[in-house]
Each structure stands twice: as structure tokens, then as C-alpha cells.
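Q: I would like to learn how to read a two-chain model. Can we go feature by feature?

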2 protein chains.
Amino acid sequence: MQRSPKGEPRAVVLLSGGMDSATCLALAQRDGFEVVALTVDYGQRHRVEIARARELAQARGVRDHRVVRVDLREIGGSALTGTAEVPKDRPAAEIGSQVPVTYVPARNTLFLSLALGLAEVVAAGVIYIGATAVDYSGYPDCRPAFLKAFENLAKLATARGLRGEPVEIRAPLLALSKGEIARTGVGLGIDYRMTSSCYDPGDDGSPCGRCDACLLRRKGFAEAGLVDPALRTLG
Amino acid sequence: MQRSPKGEPRAVVLLSGGMDSATCLALAQRDGFEVVALTVDYGQRHRVEIARARELAQARGVRDHRVVRVDLREIGGSALTGTAEVPKDRPAAEIGSQVPVTYVPARNTLFLSLALGLAEVVAAGVIYIGATAVDYSGYPDCRPAFLKAFENLAKLATARGLRGEPVEIRAPLLALSKGEIARTGVGLGIDYRMTSSCYDPGDDGSPCGRCDACLLRRKGFAEAGLVDPALRTLG
């Protein structure tokens, strides 16, 4: 395991500013890692999450936070980077039943590639990603087989891989429901007011309350018997 | 195989503006594909190659050319994106013997991720990448095993993969020497004046003639019994 100059092992955490990646950050810190946080500014319409990621990283004492710009609008193909309508008020049974228009083509492959490059540069042996497979929204690149395939790729893709030092991909939320994620994060002191999950927030950053991400988040907090502090503040 | 509205099959070609990717473009066109070209502007100091890629795409009749900006300077770790010295005048035996400082961490993983996203958006079934394994400069992500692993990942990473429509990764230069690449491209009408290989070009875009990329290119043209038109023009 890689250790930082202070002797702590180091991990790269993909931090989107949403509740899943915030919980991942807390788990990486609980696991004893010095966290290097990576946020990808990919031209998403829900740009408020980048500001939330900055606040969160600061509040959690992350000393190294990189924000990398990638202009995915040039590639297109998603409601999250284009002007197509974000679906609202979909019934729970429909969410996750097929690949939705909010799917950003190969997004997690791209995010993990950037995290892998950063892991190589900062000598981190682990990457945390907040992929979930229980309440997921039908994205192909959130499945366990995908993550395993990336871990295999990472062994072959890097100079550290050549030296026999693989990078481990950890997706600790994979088997958790949104309710379990909320409970985990609250237990680890995450202030979910500092997170934004909405795909289509208002100009003031307030969640729409009706996109898939808002509906899943609301369901999660309800299941956990918790009140979403972001809704209480902003809604 | 995916076909374009005109009935041609479609391929994404990673076009850096160097001689390898230019040759790849010619091979994809020879193979009958309608090419969608993808250039990544990653903050490389050899920015002239982006202008070359634009000229080349236009000269070869590529109607869809995307230039995606990714700021890899935020991640660092390479002489190609930072201020560290690019090695000069290395003996041929040394080039390729270890991972050099010009290695950009996980660059091909990143480039292929972007190409994969674009392949999904434009319905391309093939990605061409100009990776070479013969005269290569010691980069881990140019090896056949890496490319196979990415192809496997691509099956799992995308909506089209879920539908049972995999994306094929073609690296037609893998088994070719630089000399064979030069001969292939000349035979297919590539004007190598429109390519730039140098890692550390002058302000006017002229090649330094001394970095690994320049030395490999010179060796290649010499082996092929050809004169490098870029050197004739600019040197």
C-alpha cells in the first residue's frame, strides 16, 4: 500500500459533489487514507455540484483537491451536457429499467482514467468511486463487472502497473441502497447540506425535486428515517 | 458493423497530428470507413500538433472532427504537460528501455475513454488508435495486452455494449516499425508535411530534431529510404 510522506496511505477519491461521492470520501478517511480528491468539470448543467465539492473537500480537511476540466459538450450525447430535457417525475419502477437520456457516454471510464493518471502522479494505490448498483439509474458503467474490468485495465495501463504495483478500484457503495448510504454518511459526520444531487438545479442551486437523482435521494433519506438537510435548507 | 446515413461504416480515429495517427487515418479510410476524427487538446506543450490535426483532417475530407479540451496540467506528472526538460539526443538503445519523463500518466486510457464516448454518440463500431509496439518509447499503454483489456472494458462500459454491440479497438500500427509506417502512409497519399511529431517544437512549430519522437521519426524515414518532408520544409 502506498503511504504519504506523513506515513498515511494515500487514495484518490472521485468527488462529484453529490451524496454518493461525499459518502465515499468519508469512507476513505475512515479507512485511514490521506485523500487526494478529484472533481471533473465536464460541462455539466448541474454546475453547482462543483462548488459543493470544493466546500466539502475543505470541510473534510482534504489538502489536495484537483478540479480537471474536460469539455464533454464537444462529444455530446447526454441531457446532462446538452439542452435536451432532463426527465421528471418518473415512477420508481421506471428509473433504472433502461439507459436514460442523462447517461453521459463512457463517463465513468473517463473519470476513472483521470483518477488513474492522478493515482500514478501522487502515488496512490487506491481509487474510490461512488458507483451504486442497487438504486442505480440504469447506467452501464456502474456495474461490478465494469469496475473489475477497469481494475484489470489499470494493471496494464500505467508505469506503476509495470512495476507490479496495481491500483485498486474501491466502490464501497455498490451493494448499498440510498437509505444505507445516507445512514453511513450521517454516521461518519457528512453534512449532506454540502452536497448536490440534482441533475437540473435552479439558478440558485436548489434541487428540482423531480429528476431521477432527486427522486432517488428523497427515497433514500425516507428509507433511512432521516430528513435531507439540503431540502430543508433549499427546498 | 455500424454504417453511416450514407451507408458507409463509421469509425472514430484518434488523431493527434503526429505521423502515426495520420497513417491510422489513411488506413481507416482505406478500410472503407467514414471517419469521425477526435483530437485531444490536453495542454501539451507541443500544441502545433493540434493545428496539424485540423489541416490533415480537412485535407483528407474528414467532415466530422472534434477537438476536446482536457486540462491534464491539473494532474501533472509529465514533461509533455509541465516545465520539466524533454530529454534530447538519447541513444536509440535507451529509447524504449524504461518509462520516460514524457510519459503522460494513463494518457491512452483517457484518449480511448473519450473515443469510446464519441463512438457511442456517433454510432461507430470501431476505434483506430496509432499505438506502436515496435519502435515505441517505453510507454506502458501502447502494449497489445493493454489494448485488449480496453476492448474488454468497452463491452461493459457503454449502452451499446449492453445491447451486444461491442466497439472494436484497432491498432493497425502495433506490429509496424517507423519505417513501415512511413512507407504505408506515403503509399496511401499522406502528406507528412502536415504532421508534427516533435515533443518540444520551436515557436514556429519546427521540430527540435533531438527528442525521442524526432529521433524515432528520422530513423523511420531513413529505414524506409524516404526523406521526411516536414524536415525538408521546416528544418
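Q: Which strands of chain B does helix 1 of chain B lie across?
A: A note before we start: this is a predicted model. Helix 1 (residues 19–30) of chain B lies across strand 1 (10–14), strand 2 (34–41) and strand 4 of chain B. Its direction is about 170° to that of strand 1 of chain B.

Q: What does helix 2 of chain B touch?
A: Helix 2 (residues 48–59) of chain B also packs on the sheet. The strands touched are strand 2 and strand 3 of chain B. Helix 2 of chain B makes about 170° with the direction of strand 2 of chain B.

Q: In what order do the strands of the chain B sheet stand?
A: Start with the general idea. Strands of a sheet pair through backbone hydrogen bonds, either parallel or antiparallel. In chain B, five strands make an open sheet with the order 3-2-1-4-5, and the pairing is parallel.

Q: Why is one side of strand 3 and of strand 5 of chain B left without a neighbour in the sheet?
A: Strand 3 (64–69) and strand 5 (168–170) of chain B are at the edges. Each has a single partner strand, so one side has no neighbour in the sheet.

Q: How many bridges join strand 4 to strand 5 of chain B?
A: Three bridges join strand 4 (residues 126–128) of chain B to strand 5 of chain B, and the two run parallel. Take one residue as an example: I127(B) has I169(B), in strand 5 of chain B, as its bridge partner.

Q: Which residue stands opposite L38(A) in strand 3 of chain A?
A: That residue is R66(A). Strand 2 (residues 34–41) and strand 3 of chain A run parallel and are joined by six bridges.

Q: How are the two copies related?
A: Again, the general idea comes before the case. Two copies of a chain are related by a rotation about an axis and a shift along it. Here a rotation of 180° with 0.0 Å of shift along its axis superposes chain A on chain B, with an RMSD of 0.0 Å. The two copies are thus related as by a two-fold rotation axis. The same surface serves both: 100% of the contact residues of chain A recur in chain B. V70(A) comes closest to the axis among the residues of chain A, at 2.1 Å (C-alpha).

Q: At what angle do helix 6 and helix 7 of chain A cross?
A: The axes of helix 6 (residues 178–187) and helix 7 (residues 212–223) of chain A cross at roughly 65° and come within 7 Å. That makes helix 6 of chain A roughly perpendicular to helix 7 of chain A. The crossing is right-handed.

Note on methods
Residues numbered from 1 in each chain as written. Chains lettered and ligands numbered in written order. Predicted model: local features only at pLDDT ≥ 70, side-chain atom pairs only at ≥ 80, totals over all residues. Pairing = 2+ DSSP bridges. Helix = DSSP H or I, 4+ residues; strand = E, 2+ residues; numbered from the N terminus. Contact = placed C-beta atoms within 7 Å. Axes fitted to C-alpha atoms, helices over the stretch in contact; angles between N-to-C directions. Least-squares fit on C-alpha atoms with pLDDT ≥ 70 in both. Parallel < 35°, antiparallel > 145°, perpendicular 65-115°, else oblique. Left-handed = near helix turned anticlockwise from the far one by under 90°.
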